[in-house]
Amino acid sequence: MLAKRIIPCLDVDKGRVVKGKKFQDIKDVANPVELAARYNREGADELVFYDITASNEERNIFLDVVEQVAREIAIPFMVGGGIRTTQDIHSVLHAGADKVSVNSAAVQRPELIKESSDKFGSQCIVLSIDAKRTADGAFHVFINGGRKDTGIDAVEWAKRGEVLGAGELVVNAMDADGEKNGFQIELTKKIADAVNIPVIASGGAGKIEHFSEVFAEGIDAALAASVFHYEEIPIPELKEYLSSQGIPMRRKA
Amino acid sequence: MIAIIDYGAGNIKSLQFALDKLGKNSKLTMDPEEIHQADSIILPGVGAFKDAMEALQRYKLDTILKKEAASGKPILGICLGMQLFYEFSEENGGCTGLGLLSGSVKRISDRVKVPHMGWNILQSNQPQRLLHQLGENPYVYFVHSYAIDELEEKTLVASADYGGRVPAIVQDKNITGMQFHPEKSGDIGIALLKNYEEMIS
């Protein structure tokens with residue numbers, strides 16, 4: 001039976017891990033290579049890196065960090081942030097990433113998903129969706145770091161992403177991000193029910209029970225940042241708890 | 001030296017990093033002489049079956065691999081690399097493989113989510129040195145949409161359960177295949193690569 005996945009996420013800026021709330025108020029946290037090694041040791045099932053840097057020069061620093069991290073870990077490694085072209089995807093894969101997540105650029109030019117999954121395989125193209133509930137009650141897709149409402153329905157976009165060739169989806173619930181009140185289960189479940197590819201819930205994890213709630217709804221994986229960075233929830237304890245709840249977990253041998 | 005066949009297949013760096021951890025010298029290559037001189041060969045692979053076969057043919061690597069296989073050199077195929085060992089895959093409307101192993105490759109049942117992506121348990125189909133000391137419930141990391149369908153039962157070493165039986169490790173003499181990614185499977189993956197290296201040395 002396939003295990004549910006626990007995925008720590010590192011937001012990397014100028015070669016350092018940072019953490020924000022609702023995509024703002026960014027603070028410095030740690031050295032990404034050290035943190036990645038720790039997560040690998042503690043039994044994380046996968047690792048995610050988001051590049052939140054702006055300039056080309058910083059992008060090169062980021063690629064160096066990706067390579068250093070890839071050398072340290074023996075678990076799947078997803079990288080995203082500012083990916084615009086198949087060349088960007090190639091650079092990140094070449095630096096040692098296993099999967100690349102696309103977000104704003106895919107909304108602006110959906111063919112990017114098809115072109116890149118044709119070229120590199122669906123298994124390494126992840127569609128990351130930033131979504132927020134709007135005044136009419138529907139969940140819309142936001143782009144540009146959560147600043148712009150596209151008016152696109154998040155569930156429809158997820159379905160289209162699957163058809164275009166995405167191998168996996170990350171659902172970032174913007175309202176829940178950094179609030180530690182639990183994952184946005186309503187939206188994540190709607191999306192998971194609408195597609196036949198794995199779905200990763202992201203945003204809102206604050207306590208151990210939030211993880212069992214999201215897995216009980218059939219979601220495949222849960223992503224979190226600060227609760228892991230600050231060791232509020234140690235991964236070995238989290239996995240032990242979830243296992244005791246009957247949720248299939250990969251445990252360290 | 002281990003020759004890792006370099007035909008543009010995905011993230012090969014991680015495989016090299018894993019072999020480094022075992023103190024094994026490896027080299028990415030498509031040079032026939034280097035491949036011939038190597039102690040063993042690893043055929044990696046991600047992406048589509050047809051593209052991979054065409055790439056192998058373009059560089060005449062198909063012929064070289066068949067020749068080295070016939071000479072008894074150990075060859076390990078990982079993920080798509082393992083699938084390429086078989087006679088036929090139905091991916092992209094059907095494509096002939098290397099034919100080093102008898103059997104065929106078919107899409108995973110749509111009754112479960114495809115791709116089969118994540119950590120799944122290796123179940124032993126026969127006692128085998130490759131599976132030594134993996135502990136209870138050894139989880140390894142899979143990412144694939146196609147799987148071995150028909151095969152010779154005696155070649156099946158371990159399998160996983162996902163929408164039916166998914167062959168995970170196969171072996172026939174000097175040819176070994178792993179459907180999952182040992183280089184991405186934490187300590188268990190490293191242990192499997194170590195067992196494999198000990199077995200062939």
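Is B:His181 buried or exposed? B:His181 is buried, with a relative accessible area of 11%, where buried means under 20% relative accessible area, exposed over 50% and partly exposed in between (1.4 Å probe, protein chains only). The views below come from a predicted model, in which local features need pLDDT of at least 70, side-chain atom pairs count only at pLDDT 80 or more, and totals for chains, interfaces and linings use all residues. Residues are numbered from 1 along each chain as its sequence is written, chains are lettered from A and ligands numbered from 1 in the order in which they are written, and side-chain values use heavy atoms, with hydrogens and water left out.

**View 1. Chain B as a whole.** Welcome to chain B, with 6 helices and 14 strands; helices (H or I, at least four residues) and strands (E, at least two) are DSSP runs, numbered from the N terminus. The C-alpha trace spans about 45 × 40 × 30 Å along its principal axes. Of the 201 residues of chain B, 62% count as buried. Contact means heavy atoms within 4.5 Å, and among contacts in chain B between residues at least 6 apart in sequence, 69% link residues at least 24 apart.

**View 2. The annotated site of chain B.** An unreviewed UniProt entry places the feature "active site" at B:Cys79, B:His181 and B:Glu183. Although spread over 105 residues of sequence, they cluster in space, the largest C-alpha distance being 11.0 Å. Such UniProt positions follow the numbering used here, feature names are shortened, and annotations may be inferred rather than shown by experiment.

View 3. B:Glu183 is buried, at a relative accessible area of 5%. Leaving aside neighbours within four places in sequence, B:Glu183 touches A:Ala74 from chain A, along with B:Ser14, B:Leu15, B:Ala18 and B:Ile78.

**View 4. The annotated residues of chain A.** Here an unreviewed UniProt entry places the feature "active site" at A:Asp11 and A:Asp130. A:Asp11 belongs to strand S1 (residues 5-13) of chain A, while A:Asp130 belongs to strand S7 (residues 125-133). A:Asp11 counts as buried because its relative accessibility is 18%, and A:Asp130 counts as buried at 6%. Apart from neighbours within four places in sequence, A:Asp11 is in contact with A:Arg16, A:Val17, A:Val18, A:Tyr50 and A:Ile52.
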